[in-house]
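Keep the structure in view while reading.

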Amino acid sequence: MQLRMKVVKGKPRGHCLVFPVGKFMFGRGPECDVRPNSDLISRQHCMLRVSETGASLRDLGSRNGTLVNGQLLTDERVLCHGDTIQLGPLVLEVVIDVGTTYGNTTLSDTALVNQDDTALNQPALTGETLTGVPQVVPTESPVER
């Protein structure tokens, strides 16, 4: 199983972040795997866990919280296809691909959308602009719920 998160609100809208099996921390801190640069996002905001059988999300005590389907995340929650996740100004839609792979994707395989805004192999989101993630995959049609 591989998990994708489609950017619903923020830039580049319509692109997807691809997460292979593993743990991924979202936040502004340099130790985070996905680093949105917004004052509304904590240094260590939330943790995504992707396994062979599913994915879950846990808030790490962030100041402004993490929303799943518009509800404040209070405990670890199993993610389902079509769920929406909001971190500050960024809104992502969960797309679960069972049996689909995108090669041997790792965090070091960073695809950069705008090299002027980030250093190579530094996964980050700057403002509302996606500048580097585990892998960016453009979608050709909207994901249907």
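## Aromatic pairs

Searching the whole structure turns up two aromatic pairs. Rings of Phe, Tyr and Trp (its six-membered ring) are paired here if their centres lie within 6.5 Å; planes under 30 degrees apart are called stacked, over 60 edge-to-face, and the rest tilted.

F19, F24 and F26 make up one aromatic cluster. F19 is buried, with 0% relative accessibility, and F24 is buried at 4%. F26 is buried as well. Buried means under 20% relative accessible area, exposed means over 50%, and partly exposed is in between (1.4 Å probe, protein chains only).

## The salt bridge

Side chains of opposite charge can pair when their charged atoms come close. The whole structure holds one salt bridge (a side-chain nitrogen of Lys or Arg within 4 Å of a carboxyl oxygen of Asp or Glu). E76 and R49 form this bridge, and their closest N and O atoms are 2.5 Å apart.

R49 belongs to strand 5 (residues 46–50), while E76 is in the loop between strand 8 (71–72) and strand 9 (77–78), so the bridge ties together parts 27 residues apart in sequence. Both ends are partly exposed: E76 has a relative accessible area of 35%, and R49 has 34%.

## The chain as a whole

The protein has 15 strands and zero helices. Both are DSSP runs numbered from the N terminus, with at least four residues (H or I) for a helix and at least two (E) for a strand. Of its 145 residues, 48% count as buried. Among contacts (heavy atoms within 4.5 Å) between residues at least 6 apart in sequence, 44% join residues at least 24 apart.

## Confidence and conventions

The model is predicted: local features need pLDDT of at least 70, side-chain atom pairs count only at pLDDT 80 or more, and totals for chains, interfaces and linings use all residues. Residues are numbered from 1 along each chain as its sequence is written, and side-chain values use heavy atoms, leaving out hydrogens and water.

The average pLDDT (the predictor's confidence in each residue, from 0 to 100) is 76, and 67% of the residues score at least 70. Over residues 101–145, pLDDT stays under 50.
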